[in-house]
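Dear colleague,

Please find the structure below, handed over for your review. My notes on surface and aromatic contacts follow it.

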Amino acid sequence: MNKTELNKATTVFMFEFKRHLKLMIFWGLIFASMAVMLIALFGTIKEQAAQMTEVLKGFPPELLEAFGSDAKTLVEFKGYYNTKFLSTLIIINSIIGGYILNRMIVKELNDGSVFILFLKKIKRQNIFLTKFAAFVILLGISNLVVLLISSLSSKFLGSENAFYPQFFLAAFSASFIVQILFSVIAMFVGLVKSEGTALFAGIALTLGSFMVDTLSRIPGVPEFVRYLTPFYYLDLNGITNTSSLKPENIIVLIVAIVILVVLSLVRYKTKEVQL
């Protein structure tokens, strides 16, 4: 990419970045507010945990863990935060991410507005990669807002007044990668089929993956089922226990993202623009 192409790509990047920045910060603040509320309530829930644990004692431990009702979730802050908040953040942010990525890349092909960039002699590859880079940074900013506010809230509002920087960094790093994966899947579907199909597929796949991951923890469900969902490789339970990531899981997720991005780029370069 020469200097002229770089300047043009930078212009595209800044346009998309500014256009969606307020929306991503807005959602980040909404999720941060939810996190603050849940963290503030943790002390009350922890006090009632003994009674709740006694009531649920008759259920299989695997079943309680699958549905976020085991002692670790009710008594320990990290398990409580992952189960009650982070899973919801991943699902909703993945759906929003899929919508925004399709709006950036697929919608402009379908309505012909991207033709303006073609007239400026910007290569399709540069358009795609620049828009995708803007999306990744925007999603990162949204997650960073939630990460910082959650970290501070756990210190000053949590009943334990504890600070878990390593845990929060590991949890948000893994969830950020999974959000990108779900968003890229939705984009790929949009490029192959249509924008409307992509949004439906993104919602169905995200919610379906979460349900499959939950059900795979129930005794009697074949073990191979758990490997079919990105939530297995996210491994929130492992992060709860060790406050660290499993490199092999992260590699699997990143490889999946790279493959889907390459396939999406190939499709983007050949897809017909609707004028």
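Ile-251, Val-255, Ile-259 and Leu-263 make up a nonpolar surface patch of about 350 Å². Areas come from the Shrake-Rupley method with a 1.4 Å probe, and for residues only the protein chains shown count as cover.

This is a predicted model, in which local features need pLDDT of at least 70 and side-chain atom pairs pLDDT 80 or more, while totals for chains, interfaces and linings use all residues. Residues are numbered from 1 along each chain as its sequence is written, and side-chain values use heavy atoms, without hydrogens and water.

Ile-259 belongs to helix H11 (residues 247–270); helices are DSSP runs of H or I, at least four residues, numbered from the N terminus. Its relative accessibility is 47%, so Ile-259 counts as partly exposed (buried is under 20%, exposed over 50%, partly exposed in between).

The whole structure holds 14 aromatic pairs (ring centres of Phe, Tyr or the six-membered ring of Trp within 6.5 Å; planes under 30 degrees apart are stacked, over 60 edge-to-face, the rest tilted). Phe-128 and Tyr-268 form a tilted pair, with centres 5.5 Å apart and planes at 50°. Phe-128 lies in helix H6 (residues 124–156) and Tyr-268 in helix H11, so the pair ties together parts 140 residues apart in sequence. Both Phe-128 and Tyr-268 are buried.

Kind regards

Key
Patches are made of residues with over 30% relative accessible area and no salt bridge: like charges are joined within 9 Å, nonpolar side chains (Val, Leu, Ile, Met, Phe, Trp, Tyr) within 5 Å. A salt bridge is a side-chain nitrogen of Lys or Arg within 4 Å of a carboxyl oxygen of Asp or Glu. Helices (H or I, at least four residues) and strands (E, at least two) are DSSP runs, numbered from the N terminus. Buried means under 20% relative accessible area, exposed over 50%, partly exposed in between (1.4 Å probe, protein chains only).
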